[in-house]
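User: Hi! I'm new to this one, could you walk me through it?

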Amino acid sequence: MALNIFKTEILGEPLEVEIGKMALLANGSCLVRFGETVILTTVTMSDKPKEGMDFFPLVVDFEEKLYSVGKIPGSFSKREGKPSEKAILISRLIDRSIRPLFPKNMKNDVAVVCTALSVSENHSPEVASIIGASIALAISDIPWNGPVASTVIGLVKNKIIVNPSEIQINDESDLNLTVSSTIEKILMIEAGANQVNDDLMFDCIMNAHEVNKKIIGFISQIVCKVGKIKIRINENDENVELKDKIFELSKEKIADTFSITEKFDRELQISKIKEELLNKLLPDYPDAGNFIGACIPEVQKKVVREWIFKLNKRVDGRKLDEIRPLSAEVALLPKVHGSALFTRGKTQVLTVVTLAPLNEYQMIDGISNLEKKYYIHHYNFPAYSVGEARPARAPGRREVGHGALAERALKPVIPKTSEFPYTIRLVSEVLSSNGSTSQASVCASTLALMDAGVPIKEPVAGISCGLVTSGEDWKTFVDIQGIEDFYGDMDFKVAGTKNGITAIQVDVKIDGLLPEIVKEAFEVTKKARLKILNECILNTLSKPRENVADVAPKILSTEVPIGKIRDVIGTGGKIVQKICSDFDVDVDIEDDGRVFVSSKNIKNCQLAIDYIKSVVKDIEVGDIVIGKITRVTSFGVFAEIAPGREAMCHISKLADRRIERVTDILNVGDIATFQVTNIDDRGRIDLRKFR
């Protein structure tokens, strides 16, 4: 393929695409230059579909190369290892932006790899990667119904900023919103926000959609020039007659199983239904045994959707706008710093808070400018939460993604370290999963933080909105349970306070959402989250506890002049080590002069703070000081007049008469009163004995 270069701009920012230069053996590839950010994207597909595969085996990887920002990896091997959290989250963004547009019966392996070759803080690698994936898929022979485009939106002083820089997002913006869409519909939304109201959030999403339309026009021009003919996927569904027969015979019996609350009993009943179907159909349909197992989930899907769409009824008997029973409790665990259990229907999450000194922050080794994290949220999803027996494994992409979503939802209400000098770690343990555990984690975490005495600005609640469609018609419903999530068309998760939204994550299984669907989802989730806040969270714990738990470390802080930091540390760390030893505390000194002292005993913290203040206290000529003699020489004595600060008194100034020996007046260990007579330009202090 000959080299083709396509150029355009995104609101003044240069976007350049090179095709036919790199990775030419892939089904599709392109090099995207978005400002100084450069992403190589490749897409490949296996020749044949996988036999017996009941899902689409799509793999999306964002390869985070530290050379892209001029760094050498910090590991022992100095080589990139497992994907960082940021790489996983970008991979999920790309996946959710492109997956809905593949054919429903696609079973071939498809791999999408976006490699970061150069990353600029002014040009988002997420945007460049999603655009690159869209172009590579669109020009390839892989069946796909794109293109799509993606835009990041910031909000600085209520002004919408398109594709803001990393510095703007981290330091200035009240919003970090990523929107992927086709020319007509919204495909993916991911947002973290500082309590942005719902109407303004909707406007930001629509603004991003308008920018995406222009990018899609640019991609369409590329496809027209270099696009390949798509491989045809066999979409003919054989055995339609048999599938219809299975549906008619099992519809009512499958519907009855939804009322069985115990998972084991429900699966046992479904097994009986399968056996009955086999006995009835086998004489007329010899291959019925091969289809019944695969058809039952389709029957369940049709029943769930018909009940919602035609009867305004859900399989558990709820109305479309009804939330399952709510309950919560706090202070469950005696030795932890804060804990809460939140239950919504059969979804149950336990969150535990741990408070630690600031020096226990998480170090970040990646392509972003973020190097330290003082607020961390982890999410665990054990097999028993869905009634399965399988060994525990390291957190997967789902766990990382859900933990990041809950972290993003609560970050706007977490106090600054200057106000609450702690490293905060939350761990959400999913004890039972039946729909939207990530939002249950948000609710449990709010209560756990308040139980731990963390002065959060506002309580946060989260809820999810579902969707079913039939042609041009659609219906939304709130608080989706597992089966509705599995068989529905959308999972629209929104977390927020009474004042506004703090996080959004939207997944769809159809070709996108119309603006009116997005608008209604905001209305539904706002009403639901306010109900959870008022009727559950605030009824359980109305505000943060006044003090941290007795078992939590106590931390006090002070500030010292930057030029005095070395005095607190001392030569070879002598002074700070003495403070830690004498007062049984830990001391953390920041480069800006902030000093944090932590201990299990608040009195020890205060004593250490007082000592540090005495170390950095300015001494002036004429001051009267008390000193302990540390050294005696033939020409005078040296006295410690402040922690770590020595001054000298010459023999001639020890008395008002001539003396022969210094030891006639003072010896090592004696305590005496002196007056400061001189401080030279090197900070050396001269004394005279004061009577």
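User: Which residues touch the most other members of the largest nonpolar core?
Analyst: In this predicted model, they are Ile98, Phe102, Ile205, Phe492, Leu513 and Phe522. The core they belong to has 87 residues.

User: And which helix gives the most to this core?
Analyst: That's helix α4, covering residues 198-226. It contributes 14 residues.

User: Let's zoom in on Phe492. What does it touch?
Analyst: Leaving aside residues up to four places away in sequence, its contacts include Ile189, Ile463, Cys465, Ile504, Val506, Val518 and Ala521. Leu513 and Phe522 are also among them, and both were on the list of core members with the most contacts to other members. Phe492 touches Ser464, Gln505 and Thr525 too.

User: Stepping back, how much of the chain is buried?
Analyst: Buried residues account for 52% of the 691 in the chain.

User: How many helices and strands are there?
Analyst: You'll find 14 helices and 29 strands.

User: How many charged side chains, positive and negative?
Analyst: The chain carries 90 positive and 96 negative ones. The centres of those two sets are 3 Å apart.

User: Now the backbone. Where is there a cis peptide bond?
Analyst: Look between Gly146 and Pro147, where omega is about 10°. Pro147 sits in the loop that runs between α2 (125-139) and β7 (149-156).

User: Which residues other than glycine have a positive phi?
Analyst: Lys78 is one of them, with phi near 60°. You'll see Lys78 in the loop between β5 (58-63) and α1 (85-98). Asn158 is another, at about 65°, and its loop lies between β7 and β8 (159-162).

User: Is Asn158 buried or exposed, and why do you say that?
Analyst: Asn158 counts as exposed because its relative accessible area is 59%, and the cut-off for exposed is over 50%.

How values were computed. Residues are numbered from 1 along each chain as its sequence is written. This is a predicted model: local features need pLDDT of at least 70, side-chain atom pairs count only at pLDDT 80 or more; totals for chains, interfaces and linings use all residues. Side-chain values use heavy atoms; hydrogens and water are left out. Helices (H or I, at least four residues) and strands (E, at least two) are DSSP runs, numbered from the N terminus. Buried means under 20% relative accessible area, exposed over 50%, partly exposed in between (1.4 Å probe, protein chains only). Lys and Arg count as positive and Asp and Glu as negative; His and the chain ends are not counted. The place of a charge is taken as NZ of Lys, CZ of Arg, CG of Asp or CD of Glu. A nonpolar core is a set of buried Ala, Val, Leu, Ile, Met, Phe, Trp, Tyr and Cys residues joined through side-chain atoms within 4.5 Å. Contact means heavy atoms within 4.5 Å.
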